[in-house]
Amino acid sequence: MAIGKRLKKAREGVDREHLYPLADAIKMVKERAKSKFDETIEIAINLGVDPRHADQMVRGVVNLPNGTGRTLRVGVFARGAKAEEAKAAGADVVGAEDLVEKVQGGAIDFDRCIATPDMMPLVGRLGKVLGPRGMMPNPKIGTVTMDVANAVKGAKGGSVEFRVEKAGIVQAGIGKASFSEDKLVENVKALADAVSKAKPAGSKGTYIQRVAVSSTMGPGVKVEPGTILG
């Protein structure tokens, strides 16, 4: 009942049908993030794609200029010198066959997964475990690479993976309520630019159709799509 009253109050002043400029929408969301914890600010972008078709899949990674405000645990599948590079770069979990066994046993002690190319025959066995979690390493988004040091630093420093869901929506956290409005706007525009550049050849008509921002516990605020680019 208390939650209902809080959300009802948070919705006051928000026209749920109006499209607000990005800066105004961010300001409204921040003002309504009143929880005792530092709420995550999230964005949902409806795209004019049908992910059921291979030529309309949208996926990528972007380094947010102001980070995410979240500390990710990074796991790296590597051997020898590359394993040492990963550790030096700040990876939380590093291993080869031993790490594969742990993950197969259900011990997934990381949020982002990186692998060197030579490890993929082993890591491929984990598809049923890591795949549903969106954590399977992929060369297209830079998580299968020999440059493990930069991949780890990127994951630690605020890189965000995005992938369109079945309903044609990309969702991502773009910072915390404690971030300044300017920093949140910069992060949104960086993400929107990456999503725009990832437009698949099979997409026809309007690509970015609807946009909304919200905080973890707050109401969604609709955004004028044209204001998230540039």
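Tutor: Helices here are DSSP runs of H or I with at least four residues, numbered from the N terminus. Keep in mind that this is a predicted model. In helix H3, glutamate 84 and lysine 87 are three residues apart, so about one helical turn separates them. Their side chains form a salt bridge, with the closest N and O atoms 3.7 Å apart. Glutamate 84 is partly exposed at 47% relative accessibility, and lysine 87 also comes out at 47%, partly exposed.

Helix H3 holds another such pair: glutamate 85 and lysine 82, again three residues apart, or about one turn. Here the closest N and O atoms of the salt bridge are 3.3 Å apart. Glutamate 85 has a relative accessible area of 31%, which makes it partly exposed, and lysine 82 is partly exposed too, at 23%. Buried would need a value under 20%.

Arginine 79 makes a salt bridge with aspartate 118, at 3.7 Å from N to O. This pair ties together distant parts of the chain, 39 residues apart: arginine 79 is in the loop between strand S3 (74–77) and helix H3 (80–88), while aspartate 118 is in the loop between strand S5 (112–115) and helix H5 (120–123). Arginine 79 is partly exposed at 38%, and aspartate 118 is partly exposed at 44%.

Elsewhere, Arg73, Asp92 and Lys156 are joined in a salt-bridge network.

How values were computed. Residues numbered from 1 in each chain as written. Predicted model: local features only at pLDDT ≥ 70, side-chain atom pairs only at ≥ 80, totals over all residues. Heavy atoms only, no water. Salt bridge = Lys/Arg side-chain N within 4 Å of Asp/Glu carboxyl O. Helix = DSSP H or I, 4+ residues; strand = E, 2+ residues; numbered from the N terminus. Buried < 20%, exposed > 50% of the residue type's maximum accessible area, 1.4 Å probe, protein only.
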